Amino acid sequence: MASHIVGYPRMGPKRELKFALESFWDKKSSAEDLQKVAADLRSSIWKQMSDAGIKYIPSNTFSYYDQVLDATSMLGAVPPRYGWNGGEIGFDTYFSMARGNASVPAMEMTKWFDTNYHFIVPELGPDVNFSYASHKAVDEYKEAKALGVNTVPVLIGPVSYLLLSKPAKGVEKTFSLLSLLPKILPIYKEVISELKAAGASWIQFDEPTLVLDLDSHKLQAFTAAYDDLESTLSGLNVLIETYFADLTAEAYKTLIGLKGVTAYGLDLVRGAQTLDLVKSNFPKGKYLFAGVVDGRNIWANDLAASFSTLKELEAVVGKENLVVSTSCSLLHTAVDLVNETKLDDEIKSWLAFAAQKVVEVNALAKALAGQKDEAFFSANAAAQASRKSSPRVTNEAVQKAAAALKGSDHRRATNVSARLDAQQKKLNLPILPTTTIGSFPQTLELRRVRREFKANKISEDDYIKAIKEEIKKVVDLQEELDIDVLVHGEPEITMQRNDMVEYFGEQLSGFAFTVNGWVQSYGSRCVKPPIIYGDVSRPKPMTVFWSSTAQSMTARPMKGMLTGPVTILNWSFVRNDQPRFETCYQIALAIKDEVEDLEKAGINVIQIDEAALREGLPLRKSEHAFYLKWAVHSFRITNCGVQDTTQIHTHMCYSNFNDIIHSIIDMDADVITIENSRSDEKLLSVFREGVKYGAGIGPGVYDIHSPRIPSTEEIADRINKMLAVLETNILWVNPDCGLKTRKYAEVKPALNNMVAAAKLLRTQL
Ligand code: GLN
Ligand code: ZN
């Protein structure tokens, strides 16, 4: 009985690769230094897997930046603007594509399926001259072999590579990416031949696009590609690896019909129906790589449950042909639990990071082979049982309250236009009211205070005093700029992307935080998602002190600032012992308590950010409606109890709304502020819906992601374009996201021009 790992995190247990990369980019260390760190990481990973007893150990899953960019390099598909002149692609060209250079911006980056990993999108047109330009896959295979490990080299499959690409500039509308298949396959053949010559006996093609909604033309491309590769692949065992969702019956049929393929890797954690497909029809003599250990989460596997699934599969595919595997690459989980010094033993016993998952996979394989490690299995069973019965996990009152939400609909009693009227009486805002999204620049002084407080160098009183002073500065500045609805600037919320979540998670029960539980987001960037392990409740108010302090400094309305339940959920490791929507409802109830306390404290405008609502959208269209229904319901739960006069804002950071506009309307917020920096045209149709809807809309009037300061005329022009499709009385004027990444030298003039533009237009209306 054999074991296999689909892929492994590259960053290292303490983000060694991140620091080596950043030091290299800053010219503080040499290419050799970076290569040395990378080689050490690779060899320790291979050693760890071979020590654990894993039979099929992957290579070429390491990357200096991104595995899709590695494939682009392998194929020599460098966009001409990077000035590459052929030959083996080196760090210069590679990192220019990834990060841009002094004269050329980086290639586009986008989310890898529904994970928080981002890949560099290949840009392909009819003129690309493919050539074998990076021997990384072969080099890494040889490197491992020299260390005594005969690995399974991993390549992104040719069809997934093309389906994940975008047409180059100029041919966007006309070009069929799949038409490039005959041009890239010869390069794949060169790589395969070299791997064979180097001694490889297995090869893994990752073809995760097989789980998407594919038409027959796309499915046909898989058949054609592997038909063409068949003779080159002969003599090799070929694994096609799929992950992240169920396969449709058609996709499964295509998969098991591929020529020259000997093994299929399936995600059995997310793909519950895939199991039925396998049971009903599995080709004789082929291998099944059964992904039973979850690569997307940090929970210890329920070994007894997996073991019985594997037993069932064994009866279908045969003892010799069943390989125990992970559901997907372990890239999407944290690296090693050993480095968690702050989690208590009970919680730790419930968890498994990548290093522990490797051990689980092997334990399952050994058990199937009749060598069950009884001690390991019973420790695991005890941990599963303790998780089920722990009072830290279950809070009956929360369970009951969340269960009571199901099946019923929670929304504010009055419709939005009546509410806006009531609010206007109280707030008395001008037309085209101005506001910002929440955060203000993070100053060096603020960072110093925070650092010193965390290091116990200054007292809590001093810390609070410093934050209050910062809030006062931000409030004074906004008054000076004459902004209508103020924010407190979020100085108490720290700097990283998911701090919007961490700040709230730390104050809610049911959350745990790791010290080193980093997951690669893109390049050298990592996030450290909180772990939701138990029923969520809010022991005491979280933001009321700061918001009311800020409100006391001004006569203008001060927006309370909260992160919404869906965003908290989507940026956390979520418990797997109840459906996601149940956890989301619990968070919604906790946020509801906060919203109501803010209202009681005299905060009349409350913004509930749902930056990540769209990120949770399932891969398959058939599942969208269900997700959107409970996600939007969760948002409404947070504010269904407020008075008409309390104005609820929400903010979202993505501009691609068209497909979910009805859900956004159904959130029933009073005002939505949205990012709008890159896609005016698309948003117009959304605005038209907005007119019917009647709620306030604040499409960002300038791009905060750039240091450029927009002029008054430019902003006025932008607002005018919006006014052409929107009613005057629903339009808000605001930047397109929070200002925390900008400097005051940029923010002050930009906001000044924004307010001037709003005032100018008010006189003309
Ligand atoms: N209120 C948050 C801020 O201004 C919103 C951040 C976000 O949309 N990602 O920083
Ligand atoms: Zn935003």
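Leaving aside neighbours within four places in sequence, Asp609 is in contact with Met500, Leu562, Thr563, Gly564, Thr567, Thr650 and His651, where contact requires C-beta atoms, placed from the backbone, to lie within 7 Å. The model is predicted: local features need pLDDT of at least 70, side-chain atom pairs count only at pLDDT 80 or more, and totals for chains, interfaces and linings use all residues. Residues are numbered from 1 along each chain as its sequence is written, and chains are lettered from A and ligands numbered from 1 in the order in which they are written.

**Asp609**

- UniProt, in an unreviewed entry, places the feature "binding site" at Asp609; such annotations may be inferred rather than shown by experiment.
- Asp609 belongs to strand S18 (residues 605–609); strands (E, at least two residues) and helices (H or I, at least four) are DSSP runs, numbered from the N terminus.
- Asp609 counts as buried because it has 25 C-beta neighbours inside 10 Å; the cut-off for buried is 20 or more other C-beta atoms within 10 Å.

**Strand S11 and its partners**

- Seven of the seven residues of strand S11 (residues 287–293) are buried, so S11 is largely enclosed by the rest of the structure.
- Strand S10 (residues 263–267) runs parallel to S11 and is joined to it by five bridges; pairing requires at least two DSSP bridges.
- Leu266 has Ala290 of S11 as its bridge partner.
- S11 also pairs with strand S12 (residues 322–326) in the parallel sense, over five bridges, and Phe289 has Val323 of S12 as its bridge partner.

**Crossovers**

- S11, helix H11 (residues 303–317) and S12 form a right-handed β-α-β unit; right-handed means that, with the strands pointing away from the viewer, the path from the first strand over the helix to the second runs clockwise.

Conventions:
A residue is buried if 20 or more other C-beta atoms lie within 10 Å of its own, exposed if 12 or fewer, and partly exposed in between; C-beta atoms are placed from the backbone. Two residues are in contact if their C-beta atoms, placed from the backbone, lie within 7 Å.
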